Amino acid sequence: MRQRRIIPGVDPKLLIKDAASLMPDASRRGFLRGAASLGALTLLTGCDIIDGDTAEGVLRKISAFNDGAQAALFSPTKLAPTFPESAITRPFPFNAYYDEDEAPEVDGATYKLEVAGLVDNKKPWTLAELHALPEVSQITRHVCVEGWSAIGSWQGTPLSEFLTRIGADTRAKYVWFKCAEGYSNTIDMPTALHPQTQMTFKYDHKILPRAYGFPMKIRMPTKLGFKNPKYVVAMEVTNTDRGGYWENQGYNWFSGL
Amino acid sequence: MSAETAVGGGQIAARAAIHPVWVRVTHWINAIAILVMIGSGWQIYNAAPLFPFNFPKSIALGNWLAGALLWHFAAMWLLAINGLVYVTLGIVSGRFRRKLLPISPAQVLADAKAALSFKLSHEDISRYNAVQKLLYVGVILAGIVIVLSGLAIWKPVQLQELTALFGGYDFARYVHFFAMAAIVGFLVVHVALALIVPKSLRAMLTGH
């Protein structure tokens, strides 16, 4: 394994692991293809009874059904558990599908948050304007789709208040986020309006470092880590599901906690 | 058996099944569901191992994390709904009480000793020995724990009271893992014995 530059305060073990384990086998297009893919079921029956594409189609339909089940289970008022300062995981892991030294470097001086879609005021926001918004803080558990979790401290402004401020139509179904490196994802409006969903500008009371998403991430303690976009440069209030980086590759869309 | 001798050997069709239809149907649905859950669970485990080992890719299901999660969260419905039907009917019909209880520790020891010296009788497979009773009750409990700890990991916000009951998110992952290990351990013994005593396998297929 080649030597990676590791930033101080980031667990190198997690840094190396995270990029590798989320990625599909490059040699395979479909993740269900091949004899090994059906594993135990193939062993059980002694033959490949399910065609890869058929199985994938059925599984994706069930995943869509699970989106609905999770939306029904989601409470707009139930808060994620919060923790004392002493519970914060130090160092908090960097996590992405690329190395930390490949993370986007956004220039805060020229940064503007684009606002689009079903909103009254589409004026872009400078970082100074965003930093002037009322600040709330949370210490919550970040749960990765891989299974590990870490407790972190985030400060910023509630997304619901920002949506009100820009005159967003909160009857719309989705909010879509676009990130500096091309990452994106779409969330449901009830989650966007959840009291703990936060436009985050600080980590542990200091301006977000590059590793954690400078200049802005969206923190949602009610969703898996990959649904919490970093380096956010644009948001759109919309009735069209625009999907997302991981969601399009087969990860569950709702991914609620 | 006494009923059978009373009515004579000619009425085989009227003989009570060792395993009624609902037991056989739920058993085989469960067999498929649990294999998919274990295979995909091993792949999910590999993404963030709790211990310094991985499960070999060749016996894990789903090819990568997203595929494994799709299998896991599809088969969970089969496992949970089928399990609920099985446990409900097992209690309501009185089968659990009749077949699995009571379990006396002295009898478990005696039967375990007899089993290890190959002196345990398998003449009447409609009656479970004490070791079987213990294992079957144990695996039903492990099944309940694995479903509940799975829910605790899946929904640590919406079902946070349940997650707290399992000692929090991180601890619930260990509970889920060890419940899996218990079920896999049971399966090794269960499948081996079904093959050693083939008429028990036949009874689970045909009822007799």
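These questions and answers cover a predicted model, its chain A sheet, a helix pair in chain B and some backbone details. Residues are numbered from 1 along each chain as its sequence is written, and chains are lettered from A in the order in which they are written. Local features need pLDDT of at least 70, side-chain atom pairs count only at pLDDT 80 or more, and totals for chains, interfaces and linings use all residues.

User: What is the strand order in the open sheet of 5 strands in chain A?

Analyst: Strands are DSSP runs of at least two residues (E), and helices of at least four (H or I), numbered from the N terminus. Two strands pair if DSSP finds at least two bridges between them. Pairing in this sheet is mixed. The edge strands are E2 (125-126) and E6 (184-188) of chain A. The order is E2-E1-E10-E5-E6.

User: Which residue in E10(A) is the bridge partner of A:Lys178?

Analyst: Strand E5 (residues 174-179) of chain A runs antiparallel to strand E10 (residues 232-238) of chain A. The two are joined by 6 bridges. In E10(A), the partner of A:Lys178 is A:Ala234.

User: Do E1(A) and E10(A) pair in the parallel or antiparallel sense?

Analyst: They share 4 bridges. One partner of a residue in E10(A) is A:Val115, bridged to A:Met235. The sense of the E1(A)-E10(A) pairing is parallel.

User: How are H5(B) and H6(B) oriented, roughly parallel or roughly perpendicular?

Analyst: Helix H5 (residues 105-116) and helix H6 (residues 130-154) of chain B have axes 7 Å apart, at about 110°. Axes are lines fitted to C-alpha atoms over the stretch in contact, and angles run from 0 to 180 degrees between N-to-C directions. Angles under 35 degrees count as roughly parallel, over 145 as roughly antiparallel, 65 to 115 as roughly perpendicular and the rest as oblique. So H5(B) and H6(B) are roughly perpendicular.

User: In which loop does the cis proline B:Pro102 lie?

Analyst: The peptide bond from B:Leu101 to B:Pro102 is cis, with omega near -5°. B:Pro102 sits in the loop between helix H4 (95-100) and H5 of chain B.

User: Is B:Phe118 buried or exposed?

Analyst: B:Phe118 has a positive phi of about 55° although it is not a glycine. Its place is the loop between H5 and H6 of chain B. A residue is buried with 20 or more other C-beta atoms (placed from the backbone) within 10 Å of its own, exposed with 12 or fewer, and partly exposed in between. B:Phe118 has 6, so it is exposed.
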